[in-house]
Amino acid sequence: MDIIYTIWLRNIKRYIRSKSRLLGSLGMPMFLLIVLGFGLNSVVVLPGMGQGYIGFIIPGIISMSVLFTSVFAGIQVIWDKQFGFLKETLVAPVSRLEIMLGQTFGGATTAVIQGLIILVLSLLMGLRINSIPGFAIAIVFMTLIGISFTAFGIAIASRMDDMHGFQLIMNFVIFPIFGLSGALFPIDSLPSWVRFLTLLDPLTYGVEGIRYGLLGTSQVDPLLSFVVLSGFTVIMVMLGSYLFRKIST
């Protein structure tokens with residue numbers, strides 16, 4: 001546990017000290033929230049959404065912030081490879097599983113912090129949270145998204161040495177994941193074949209879980225969302241742990 005905590009703390013300190021990273025990661029979510037939210041709020045009418053379109057997309061924007069921050073936490077692994085820190089860590093008499101879990105929890109924590117910042121800014125813009133227990137539910141789903149996609153990013157980074165290649169691959173992967181998640185549109189109104197693809201997307205269940213927690217409404221049963229996302233998280237942690245153990249020293 002000491003190793004997990006130490007690696008986790010290192011990631012948190014790096015995050016806190018990197019002000020440019022903190023501000024830069026807020027740019028795209030805030031742009032979409034302001035431009036799409038306020039721009040389409042008076043145009044798009046969604047039945048049963050008392051807070052309008054901007055209220056509908058806020059859970060999606062929060063999920064986007066957590067997703068992007070989580071996945072790109074894998075860059076830390078490549079960075080440590082290039083500067084030799086990872087090699088020194090791997091040859092130490094500690095479990096690689098603990099090192100990987102420390103990296104995962106550290107990346108997930110920073111991702112949840114990013115999501116909470118977007119949530120606080122959304123409250124200042126007029127978002128009304130359904131209930132305090134709902135707020136806790138939203139944090140649970142944000143945490144699951146953070147852990148699962150941080151582990152996913154680490155799994156990919158474990159097999160790569162080029163930081164630029166990692167960024168290109170991740171952009172190729174995460175934009176479809178975000179686009180098909182129902183973050184910006186109601187999945188109930190989609191054609192059946194697109195809805196099928198949407199329901200294959202694990203982020204969909206995170207978005208709908210956060211939406212249920214914050215707004216009290218969801219297009220997917222919240223219990224199903226929790227079960228699917230929890231299962232995906234376990235699979236990603238197992239995959240990330242397996243591939244991380246394969247890193248050669």
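A salt bridge is taken here as a side-chain nitrogen of Lys or Arg within 4 Å of a carboxyl oxygen of Asp or Glu. By that criterion, a search of the whole structure finds one salt bridge. The structure is a predicted model, in which local features need pLDDT of at least 70 and side-chain atom pairs count only at pLDDT 80 or more, whereas totals for chains, interfaces and linings use all residues. Residues are numbered from 1 along each chain as its sequence is written, and side-chain values use heavy atoms, with hydrogens and water left out.

The salt bridge joins the side chains of E208 and R211, with 2.8 Å from N to O. Both residues belong to helix α10 (residues 202-215), where they are three residues apart, about one turn of the helix. Helices here are DSSP runs of H or I with at least four residues, strands are runs of E with at least two, and both are numbered from the N terminus. E208 has a relative accessible area of 0% and is therefore buried; R211, at 1%, also counts as buried. The term buried means under 20% relative accessible area, exposed means over 50%, and partly exposed lies in between (1.4 Å probe, protein chains only).

The overall architecture may be considered next. The protein chain contains eleven helices and zero strands. Of its 249 residues, 50% count as buried. Contact means heavy atoms within 4.5 Å. Among contacts between residues at least 6 apart in sequence, 80% join residues at least 24 apart. The accessible surface of the chain comes to about 11,600 Å², and carbon and sulfur atoms account for 71% of this surface.

The interior is described through nonpolar cores, each a set of buried Ala, Val, Leu, Ile, Met, Phe, Trp, Tyr and Cys residues joined through side-chain atoms within 4.5 Å. The largest nonpolar core has 61 residues, of which I62, L67, F149, L203, I210, L214 and F244 touch the most other members. Helix α3 (residues 52-71) gives the most to this core, with twelve residues. Another core, of five residues, lies apart from it and includes I187, L190, V194 and V220. Leaving aside residues up to four places away in sequence, I210 touches P59, I62, S63, A138, F141, M142 and I145.

Aromatic rings supply further links. Rings of Phe, Tyr and Trp (its six-membered ring) pair if their centres lie within 6.5 Å; planes under 30 degrees apart count as stacked, over 60 as edge-to-face and the rest as tilted. The whole structure holds six aromatic pairs. In one of them, the rings of F68 and F178 have centres 6.5 Å apart and planes at 90°, so the pair is edge-to-face. This pair connects distant parts of the chain, since F68 is in helix α3 and F178 in helix α8, 110 residues apart. F68 counts as buried at 18% relative accessibility, and F178 counts as buried at 8%. F141 is buried at 4% relative accessibility, whereas F226, at 36%, counts as partly exposed. Ring pairs also link F68, F175 and F178 into a cluster.

Two individual residues illustrate opposite surroundings. Q114, in helix α6 (residues 96-124), counts as buried because its relative accessibility is 0%. Beyond residues up to four places away in sequence, Q114 touches Y15, L22, S25, L26, S65 and T69. R159, by contrast, is found in the loop between α7 (132-157) and α8 (163-179). With a relative accessible area of 53%, R159 is exposed. Even so, R159 touches K81, L243 and K246, not counting residues up to four places away in sequence. R159 and I247 are 88 residues apart in sequence and 7.4 Å apart in space, C-alpha to C-alpha.

Definitions and conventions. Accessible areas come from the Shrake-Rupley method with a 1.4 Å probe; for residues, only the protein chains shown count as cover.
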